[in-house]
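Here is a short briefing for a first look. Start with the sequence and the structure below.

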Amino acid sequence: MTQAFRQVLLSHSTLIRQTLLPRCMYRSCRLLSATTESASQKTECNKVEPDGASTSTGAEKQLEDVVEAFSKEKESLSKQVADFQEKYQRTLADRENVRKRLEKQITEAKQFGIQGFCKDLLEVSDVFHKAIESVPPERIENGSSDLKTLYDGLVMTESQLLSVFRRHGLEQILPRIGEKFDPSLQEAMFELPVPEQETGTVAHVIRTGWTLHSRCIRSAQVGVVKN
């Protein structure tokens with residue numbers, strides 16, 4: 001019985017091996033195939049990674065080139081803007097200077113446009129002054145009433161004329177004896193020695209001068225001391 005039991009076990013184990021061995025081999029083959037495929041994919045991935053890295057590096061380089069080009073363009077545009085701004089400010093300054101010059105010229109034209117007319121009137125004023133000075137004071141006191149009336153009329157006319165002159169910016173230059181000679185307002189007609197006066201001072205007044213809005217339009221004529 002023991003011999004028979006052994007034969008049965010042996011036949012059963014042989015049958016089991018014949019049945020299970022192909023399945024195990026199939027599974028092993030599948031596992032080996034899957035492992036091989038995974039390793040192949042990893043190898044392909046490892047092979048692809050350098051290409052991807054090189055592509056990324058190329059894109060970064062292109063981006064850096066674009067950024068650099070934009071930076072250069074920005075610098076160029078900034079310089080142009082600064083240049084245009086400087087030219088604009090200079091143009092504004094020139095325009096302001098021209099405006100001020102024109103305003104000054106207009107003001108001077110208004111103020112000094114009557115300069116020629118004033119010079120002619122000054123001659124009339126000189127005539128009045130000479131007429132008044134030509135009458136001795138004793139003749140006025142001892143003369144007739146008509147002469148005194150005429151004299152007073154001349155004095156009043158001269159006074160009124162001087163008032164009109166002042167109203168329009170005309171002022172007299174009245175040099176004083178002994179003051180320093182001023183060539184900007186006075187004209188030396190002659191020189192004479194005066195021991196008691198300092199050299200270069202006014203010794204005699206021939207004719208008064210005139211200014212129009214502080215501009216000398218007729219110099220005073222004087223004699224200057226020269227010791």
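Helices (H or I, at least four residues) and strands (E, at least two) are DSSP runs, numbered from the N terminus. This is a predicted model: local features need pLDDT of at least 70, side-chain atom pairs count only at pLDDT 80 or more, and totals for chains, interfaces and linings use all residues. Residues are numbered from 1 along each chain as its sequence is written, and side-chain values use heavy atoms, with hydrogens and water left out.

**Helix H1 and its surface**
- Helix H1 spans residues 2-112 and contains isoleucine 106.
- Isoleucine 106 is partly exposed, at 49% relative accessible area (buried is under 20%, exposed over 50%, partly exposed in between; 1.4 Å probe, protein chains only).

**The sheet**
- An open sheet is formed by 3 strands in the order S1-S4-S5, with antiparallel pairing (two strands pair if DSSP finds at least two bridges between them).
- Strand S1 (170-173) and strand S5 (215-218) are the edge strands, and each pairs on one side only.
- From one strand to the next, the twist averages 35° (axes are lines fitted to C-alpha atoms, for helices over the stretch in contact, and angles run from 0 to 180 degrees between N-to-C directions).
- Strand S4 (residues 209-212) is joined to S5 by 3 bridges.
- Tryptophan 210 has arginine 218, in S5, as its bridge partner.

**Helices on the sheet**
- Helix H2 (residues 115-133) packs on the sheet and touches S1, S4 and S5 (contact means heavy atoms within 4.5 Å).
- The direction of H2 makes about 55° with that of S5.
- Helix H4 (residues 145-167) also packs on the sheet, touching S1 and S4.
- The direction of H4 makes about 115° with that of S1.
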